[in-house]
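Visitor: I'd like to learn how to read a strand and its surroundings. Could you walk me through it with an example?

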Amino acid sequence: MATTGDIVIQDVPVDWEPDHRCCLECGNDEPLVRLSAVTHTKTAQQALACDRHTKQVAAAMG
């Protein structure tokens with residue numbers, strides 16, 4: 001888990017909601033894609049992002 005200001009980033013298990021796992025930015029929904037949950041602690045906004053887009057999604061939320 002990583003925290004930057006009001007943003008918390010956590011790993012998402014590979015078996016979590018297999019029919020609803022995809023990156024917000026690129027739409028990658030491959031079964032083995034590594035996703036992170038990006039959460040804004042003050043607004044409770046949440047998004048999933050692949051490794052390639054985690055920083056971009058966090059910046060857009062923060």
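Visitor: How many residues of strand 4 are buried?

Guide: Keep in mind that this is a predicted model. Here buried means under 20% relative accessible area. By that cut-off, 4 of the 5 residues in strand 4 are buried, and the strand is mostly covered.

Visitor: Which strand runs antiparallel to strand 4, and how many bridges join them?

Guide: That is strand 3, joined to strand 4 by 5 bridges. To follow the pairing, look for Leu35 opposite Cys50, and for Thr39 with its bridge partner Gln46. Between the two strands of this hairpin lie 5 residues, and Ala44 takes a positive phi near 65 degrees.

Visitor: Which way do the side chains of strand 3 point?

Guide: First, the general idea: side chains in a regular strand alternate between the two faces of the sheet. In strand 3, Leu35, Ala37 and Thr39 point one way, while Ser36, Val38 and His40 point the other, and all are buried. Strand 3 also pairs on with strand 2 (residues 7-11), again antiparallel and through 5 bridges; there, Asp11 has Ser36 as its bridge partner.

Visitor: Which residues touch the most other members of the largest nonpolar core?

Guide: Among its 14 residues, those are Leu35, Val38, Val57 and Met61. Strand 3, strand 4 and helix 1 (54-61) each supply at least two residues of this core, and strand 4 gives the most, with 4 residues.

Visitor: What does Met61 touch?

Guide: Leaving out residues up to four places away in sequence, Met61 touches Ile7, Val38, Thr39, His40, Gln45, Gln46 and Ala47.

Key
Residues are numbered from 1 along each chain as its sequence is written. This is a predicted model: local features need pLDDT of at least 70, side-chain atom pairs count only at pLDDT 80 or more; totals for chains, interfaces and linings use all residues. Side-chain values use heavy atoms; hydrogens and water are left out. A nonpolar core is a set of buried Ala, Val, Leu, Ile, Met, Phe, Trp, Tyr and Cys residues joined through side-chain atoms within 4.5 Å. Buried means under 20% relative accessible area, exposed over 50%, partly exposed in between (1.4 Å probe, protein chains only). Contact means heavy atoms within 4.5 Å. Two strands pair if DSSP finds at least two bridges between them.
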